[in-house]
Amino acid sequence: MNRREMWTLDIYWLIGALILLAVAIVVLVFLWTVLRAWLWQKRQRHSQSKYYKQTHRADGRPYPPVAAGICEQCGRSRKKIYYTESGPKLCLECYEIFWRDEAMKEAMNNGS
Ligand SMILES: [Zn+2]
């Protein structure tokens, strides 16, 4: 092998290495993008379910409008008082009992 042939061989090795490097970079960028998209989706789902839990009761119905005020049931003043359709203004604790009661009455009415 003379010098010229060795130089040509080196160039081929170099080109091969560069192509491999380029492919590796493309694959890494692709994986990084996929990973970020996946993480983003996960965060979206998480925040959506968090929002849903904050705005919906355990039975899936939305909470009534809320404002700061005093609970008519227990008399405590709260930042979040639920204004129910049927009348009373209730804090979260009293409202949880109230809507479960209402749901039970509704279920019994539908049953008879
Ligand atoms: Zn209350």
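Tutor: The largest nonpolar core has seven residues: Cys71, Ile81, Tyr82, Leu90, Cys91, Cys94 and Tyr95. β2, β3 and α2 each give two or more residues to this core. The model is predicted: local features need pLDDT of at least 70, side-chain atom pairs count only at pLDDT 80 or more, and totals for chains, interfaces and linings use all residues. Residues are numbered from 1 along each chain as its sequence is written.

Student: What makes a set of residues a nonpolar core?

Tutor: Its members are buried Ala, Val, Leu, Ile, Met, Phe, Trp, Tyr and Cys residues, joined through C-beta atoms within 7 Å. Buried means 20 or more other C-beta atoms within 10 Å of a residue's own; exposed means 12 or fewer; partly exposed is in between; C-beta atoms are placed from the backbone. In soluble globular proteins, nonpolar side chains tend to be buried together.

Student: Why is Val26 called exposed?

Tutor: Val26 has 10 C-beta neighbours inside 10 Å, so it counts as exposed. Val26 lies in helix α1. Helices (H or I, at least four residues) and strands (E, at least two) are DSSP runs, numbered from the N terminus.

Student: What makes α1 hardly covered?

Tutor: Count the buried residues among its 53 residues: the result is zero.

Student: What about β2 and β3?

Tutor: They have three bridges, so they meet the requirement of at least two. That pairing is antiparallel too. Tyr83 stands opposite Lys89 in β3.

Student: Why is one side of β1 and of β3 left without a neighbour in the sheet?

Tutor: The open sheet runs in the order β1-β2-β3. β1 (66-70) and β3 (89-91) stand at the edges, each with a single partner strand, so one side of each has no neighbour in the sheet.

Student: Which residues in the hairpins have a positive phi?

Tutor: In the β1 and β2 hairpin, with six residues between the strands, Gly75 has a phi of about 80 degrees. In the β2 and β3 hairpin, with five residues between, Gly87 has a phi near 135 degrees.

Student: Which residues does Cys94 touch?

Tutor: Contact means C-beta atoms, placed from the backbone, within 7 Å. Not counting residues up to four places away in sequence, Cys94 touches Cys71, Gln73 and Cys74.

Methods. Two residues are in contact if their C-beta atoms, placed from the backbone, lie within 7 Å.
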